[in-house]
Amino acid sequence: MSETKATAFFARFRSLLALALMVLALSLLSDRFLTADNGWNILRQISVNLCLSIGMTLVILSGGIDLSVGAILALSGALAAGLLKTGIEIPGTDILLQVTPSGAILNGLAAGAAAGWINGFAITRFKLPPFVATLGMFSIARGLTMLWTGGFPITGLGDAFGRLGTGAFLGMPTPVWIMLALTGVFIVVTKRTRFGRHLYAVGGNVRAARLTGLNVSRITIAVYSLAGALAGVAGLIVTARLDSAQPNAGLGYELDSIAAVVIGGTSLSGGRGSVAGTVLGCLIIGVLNNGLFLLNVSPFWQQVIKGVVILLAVALDKANARNRDS
Amino acid sequence: MSPSAPVEGEVVIAAVGIGKSFPGTRALDGVNLTVRAGRLLALLGENGAGKSTLMNILAGVFPPDEGTIQLEGRDVRFANPQEAQSAGIGIVFQELSLIPYLTVAENLFLGREPLTAAGLIDTRRLLADSTALLRRLDLAVEPTALVADLRIGQQQLVEIARAISAQARVLILDEPTSSLSGHEVEVLHGLIGDLKRRGVALIYITHKFEELAAICEDVAILRDGRLVGEALFRDLTREAMVRLMAGRETKELLQKTPHPPGEELLRATGLSLTGGDVGRRFLVENVSLSLRRGEVLGVFGLVGAGRTELLEALFGLHAERMTGELLIEGRPERFRSPADAIAAGLALAPEDRKRDGLVLPMSVAANASLASLQHTLRAGFVSESREAEHIQPYIDRFRIKLASIAQSVVDLSGGNQQKVILAKWLATAPKILLLDEPTRGIDVNAKREIYAFIDELARAGLGLIVVSSELPEVLALSDRVLVLREGRLSAEFSRAEATPERVLHAALPDQGRLAS
């Protein structure tokens, strides 16, 4: 039995154990916790964060960070909502193009991917630190969202689009379907494709990756584009669920997704971690939020507790890594 | 605070029965060492003999697994380098540990800055103290200069000055002269005399025997993690020291099989690489070379001669700074990236395995297959079973000792890590293998194996360029030897012509200048 497999297993098992303990405790503390309705509720609630966090996992695995995903979420949602609601006028003419729900969705995704591509381009072409490049994009995307919406919510988007957020198929809410599908796809992408291997290699040792002939720039740009597109997916889900694009949607979500990734055991220095771990991280945060709400803990305390959980999770992870190194 | 100066000859620090293991290697085994006041102990040994590990233990960088350290007769245990420092143990590391974007003065007094009554840094005194210190040490460096703007040799002297000014009772110097000019070496040796008179106990690691006559009293020799000799310097001949260090002649490590080289694989004409941040116009200047199938071409040079840069240039790593022509199997090539070079049949095993060669968080299998993932696909996806089939022959061929190919590459010994890198490149079926310091930090048995593999690969028809700073290694392995000096080709020898003296002379800058 290889030691790394054992420790990796233990690390995952430990987060699972933490989750199980939380579920157990909450089901004892609140009779409203362990119900089917509440279960769907939690899954629906984490679907947005999980979309963002899958993208964030790719970015962090590659050795970077993305502070712009919350802002890209808002931009994608607003763009899709605006296109759907009012169409788009061809400049200099009176022609107004109507946009179908699927057209709006595609545009939202494309906007997210494009914003992410710009992040990747800035990082590789101009050698900007990811922190700075995505901080810039954070501001740009927030500003564009305000310009596009004029600062007001865009509401009344129609049933067809709304199903993306509130619909269900075979008894399971659409956002949960999307979340499961994306999770499956990206577990395969990270673990079973050349791109995934290259991603781990770039994050684990960029110099070695370059000397092995990997195209580090192309991989980096792809990673940020995917993170942007996934933020777009999250933006569409949020917008559809509320039947409204809020200009301030996704405020602070980038931090929640970083928290989920880190709690899920992915190393902020890159090259180590997994999408599966991030799913657990999202579940832990989601269950914690839900449980504290059910227990009528004040939202202020909720924040404090969430912070403590993040610190504990990472401290445990570090202690584990130290034990293995020495 | 400062105790009376110890009497000359009194034991200041002693290591007793020190043992230390790292995953896969026994770095030190039952080592005893005593260092006396006012004397300099030269610690000798080949690369990987355990010198640096021992010094790191004395300086509190990490604790020993077994054994104790006694400072002036008392057992001490350092939790970290700061504790060792405040106990009076100073160390100048081989790698510079200065902060580049602080000034010389700030670096000299880092962590013990003079303070004003208000608790702020007393910049005036900092500057005055630094100026005085630099003058005392005869260092022509402005205390207000940024360390990043200094030459490497100057940085090294600043580092030494810092250690000296900390009033250490024990001072460890790890290859302090590797980038010093002749004059700077004299300055340093003057300082060493000064320190001895003040009763400081000195440990000096070096590969340069010539330096020792002027400064050295005692000698200790490590080999494969054990102390194999301890004597007064005047009782040892140079030959005796070399014999103790090596244990055996490097040539004995390899029975080279003579065989005629085949057709030309690679020809470089007028290869130049403009400088990075070293302050020299060319890192590699107008170098031409050729390599045949089945040939091992050795490249020797001192630190800074451009050895690594030459290999990297051939491998397409600095396309934008490189000029010159390159023919691979007669075809003109212009590599824009390593990927191009790999596609043309080249492979490069870099000098610093951990920094450039391996992705440490990944498994052995993932590292070994990284350059040839296209052979691990099933229906477009990476398949672990295909991957295992693909790399296992290379793991077997290089006899890599593993628990499993899924094990983390971090836990392997240096020799096995190097073999994983060789496996990775052989899995791309290369025609030309560039090896940069292929046995650095590797124990002697793995070294012997790697030599045998190099010979075997040449016989199998590869062309190999082996860069090494170990002269015996270059001489043992090579069919031909090229010597680099300050980025330029200074000599070429056939195997028969290449004697240690000739090759070394061609590599040394000063003599070269006299000859030309």
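**Reading a predicted two-chain model**

Reader: Where in the hairpin of E4(B) and E5(B) does a residue take a positive phi?

Author: At Glu72(B), with a phi near 50°; two residues separate the strands of this hairpin. Strands (E, at least two residues) and helices (H or I, at least four) are DSSP runs, numbered from the N terminus. This is a predicted model, in which local features need pLDDT of at least 70 and side-chain atom pairs count only at pLDDT 80 or more, while totals for chains, interfaces and linings use all residues. Residues are numbered from 1 along each chain as its sequence is written, chains are lettered from A and ligands numbered from 1 in the order in which they are written, and side-chain values use heavy atoms, leaving out hydrogens and water.

Reader: Which way do E4(B) and E5(B) run, and how many bridges join them?

Author: Two strands pair if DSSP finds at least two bridges between them. Here three bridges join E4(B) to E5 (residues 74-76), and the strands run antiparallel. Ile69(B) has Val76(B) of E5(B) as its bridge partner. Strand E1 (residues 11-22) of chain B is also antiparallel to E4 (residues 66-71), through five bridges, with Ile13(B) opposite Leu71(B).

Reader: Is Leu426(B) buried or exposed?

Author: Leu426(B) is buried, at 7% relative accessible area, and belongs to helix H14 (residues 414-426) of chain B. Contact means heavy atoms within 4.5 Å. Beyond its neighbours within four places in sequence, Leu426(B) touches Tyr394(B), Arg397(B), Phe398(B), Leu433(B) and Leu457(B). Tyr394(B) is 32 residues away in sequence, yet the C-alpha atoms of the pair are 7.2 Å apart.

Reader: And where does Gly345(B) lie?

Author: Gly345(B) sits in the loop between helix H10 (338-343) and E16 of chain B. Gly345(B) counts as buried, with 7% relative accessibility. Leaving aside neighbours within four places in sequence, its contacts are Pro430(B), Lys431(B) and Ile432(B).

Reader: How many residues does each chain bring to the contact between them?

Author: The size of an interface is often given as the accessible area lost when the parts come together. Buried area here uses a 1.4 Å probe and is summed over both parts. Chains A and B bury about 2300 Å² between them, 61% of it on carbon and sulfur atoms. The contact takes 22 residues from chain A and 33 residues from chain B. On the chain A side, Arg197(A), Leu211(A) and Thr212(A) lose the most area, together 31% of what that side buries. There are two salt bridges between the chains, a salt bridge being a side-chain nitrogen of Lys or Arg within 4 Å of a carboxyl oxygen of Asp or Glu. One of them links Asp356(B) and Arg207(A), with the closest N and O atoms 2.5 Å apart.

Terms used
Buried < 20%, exposed > 50% of the residue type's maximum accessible area, 1.4 Å probe, protein only. Buried area = accessible area lost by both parts, 1.4 Å probe.
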